[in-house]
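Here are a few friendly notes to read alongside the model. Please keep the viewer open and look for each item as you go.

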Amino acid sequence: MLPSLPSLVASLALLTSTAYSLPRNVLSGDDGRLTLSAPSSIIMSKRDTACNNSPALCSKSYSQVTHMGAHDAAFLRDSSTDNSIAGNQYFNATLALDAGLRLLQAQVHNKNGVIELCHTTCDLLDAGPLADWLATIKGWMDANPNEVVTLLLVNGDNQDAAAFGDVFTKSGLDKYGYVPTGSSGWPTLQSMISSNKRLVTFIASVEASAAHPYLLPEFAHVFETAYEVTSLAGFNCTLDRPQAAGAATAALQAGLLPLMNHFSYQALSSAIMFPNVGDIDTTNSPSTSTPGALGLHAQTCQTQWGSKPVFVLVDFWDHGPALETADKLNGIEGKTTGRLTPAGAGGSNKKNSAGSTNVGTVANLGMGRAALVAFFMAAVMLF
Ligand SMILES: *[C@@H]1O[C@H](CO)[C@@H](O)[C@H](O)[C@H]1NC(C)=O
Ligand SMILES: *[C@@H]1O[C@H](CO)[C@@H](O)[C@H](O)[C@H]1NC(C)=O
């Protein structure tokens with residue numbers, strides 16, 4: 001969006017007056033000529049004060065911020081997967097981070113001893129080794145030092161913390177790993193940024209490990225709403241996991257952070273379900289009045305829980321756009337900086353929507369015959 005003319009004029013005026021009030025030697029080179037260094041350093045320091053795309057979030061604790069997340073962030077419906085209808089996202093993880101999402105969820109499996117990003121089974125959709133994906137995320141975090149990022153990995157084959165630790169170390173991402181400090185609660189984004197411990201990693205079903213203390217067992221810190229939703233009327237704010245935490249209000253009192261799952265599946269049979277892209281513009285809408293919309297679901301949970309969702313997971317995040325709901329919850333709507341929206345974001349769903357797919361045609365499914373057979377054999381939902 002282009003800034004309005006009055007706001008452009010106002011910021012230019014601010015920049016100019018700031019520049020004039022600087023001491024002369026900052027503005028001038030040794031020869032007394034004006035250089036560009038003063039204005040660019042002003043711009044840099046302004047950008048440096050934003051945390052997760054807004055200065056308003058720096059002083060907020062990690063648990064007071066809503067972190068918008070890409071569900072199955074590694075499983076793409078794009079040319080890399082021949083537009084597989086098993087894919088949950090149109091844009092990859094680093095493009096999601098560029099756009100302002102700060103939570104990436106994915107599922108991993110054990111493929112011949114390698115932790116691999118696989119969707120339900122490695123025959124269906126294999127997005128490569130986790131180590132490679134993490135290395136790309138590390139590169140992004142290196143280049144974006146004021147950003148706090150959260151990962152949530154579903155541990156499909158129950159691999160242990162040591163196996164994950166090896167992969168995190170290999171990718172270099174371990175250096176950013178945040179380790180909670182006992183009962184003092186979650187730190188502010190600014191303090192995580194200042195200490196450079198700005199990656200929070202949750203792994204579903206892993207034991208805590210003294211050797212890799214930044215690998216956090218998800219359900220010691222987080223509770224989730226249901227993830228098996230098959231209609232827009234199916235979203236609610238009831239705690240689904242971990243059951244042992246009781247009701248959502250009890251889980252909140254115990255200090256668990258709420259994760260609101262907000263994606264739905266389209267059933268092709270009672271056992272075969274695909275990410276539902278047909279309704280995505282409604283599903284991800286910021287509307288607080290449309291049934292099934294992200295905005296309404298978030299508002300309902302905030303009312304029921306007495307606190308907003310800390311984590312939200314959506315499919316096809318560029319639609320909605322989903323970030324608008326998080327921005328509203330964070331009070332920063334229309335006031336963010338440093339985001340890049342990929343070309344084609346939120347575009348029409350002409351890419352192989354499950355609603356129009358002829359299931360009998362393997363080519364339309366974007367997967368090979370063996371994968372298709374494995375997929376039907378799996379007879380489980382694509383979480
Ligand atoms: C996402 O795509 C961009 C552009 O194609 C690429 O540079 C980047 O490495 C990709 N990121 C991941 C996590 O694959
Ligand atoms: C919440 O939603 C899930 C998924 O749609 C459903 O299975 C569950 O019964 C719902 N719970 C309540 C209390 O409505």
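1. Axes are lines fitted to C-alpha atoms, for helices over the stretch in contact, and angles run from 0 to 180 degrees between N-to-C directions. Helices (H or I, at least four residues) and strands (E, at least two) are DSSP runs, numbered from the N terminus. Helix 5 and helix 6 (residues 161-171) pack with their axes 8 Å apart, at an angle of about 45°. Helix 5 and helix 6 are therefore oblique to each other; angles under 35 degrees count as roughly parallel, over 145 as roughly antiparallel, 65 to 115 as roughly perpendicular and the rest as oblique.

2. Now for the residues that meet there. Helix 5 brings Leu130, Ala131, Leu134, Ala135 and Lys138 to the contact, and helix 6 brings Val167, Phe168, Lys170 and Ser171. Two residues are in contact if their C-beta atoms, placed from the backbone, lie within 7 Å. By class, six residues in this contact of helix 5 with helix 6 are nonpolar, one is polar and two are charged. Here Ala, Val, Leu, Ile, Met, Phe, Trp, Tyr, Cys and Pro count as nonpolar, Asp, Glu, Lys and Arg as charged, and the others, Gly among them, as polar.

3. A word on the source. This is a predicted model, in which local features need pLDDT of at least 70 and side-chain atom pairs count only at pLDDT 80 or more, while totals for chains, interfaces and linings use all residues. Residues are numbered from 1 along each chain as its sequence is written, and chains are lettered from A and ligands numbered from 1 in the order in which they are written.

4. Which residues are around ligand 1? They are Asn92, Ala93, Thr94, Leu95, Trp133 and Thr136, each with its C-beta atom, placed from the backbone, within 6 Å of the ligand. Helix 4 (93-99) gives the most to this shell, with three residues, and helix 5 (130-143) supplies at least two. The shell has three nonpolar residues, three polar and no charged.

5. Leaving aside residues up to four places away in sequence, Asn155 touches Val108, Ile203, Ala204, Ser205 and Val206.

6. Finally, the whole protein chain has 13 helices and 13 strands, and 41% of its 383 residues count as buried.

Technical notes. A residue is buried if 20 or more other C-beta atoms lie within 10 Å of its own, exposed if 12 or fewer, and partly exposed in between; C-beta atoms are placed from the backbone.
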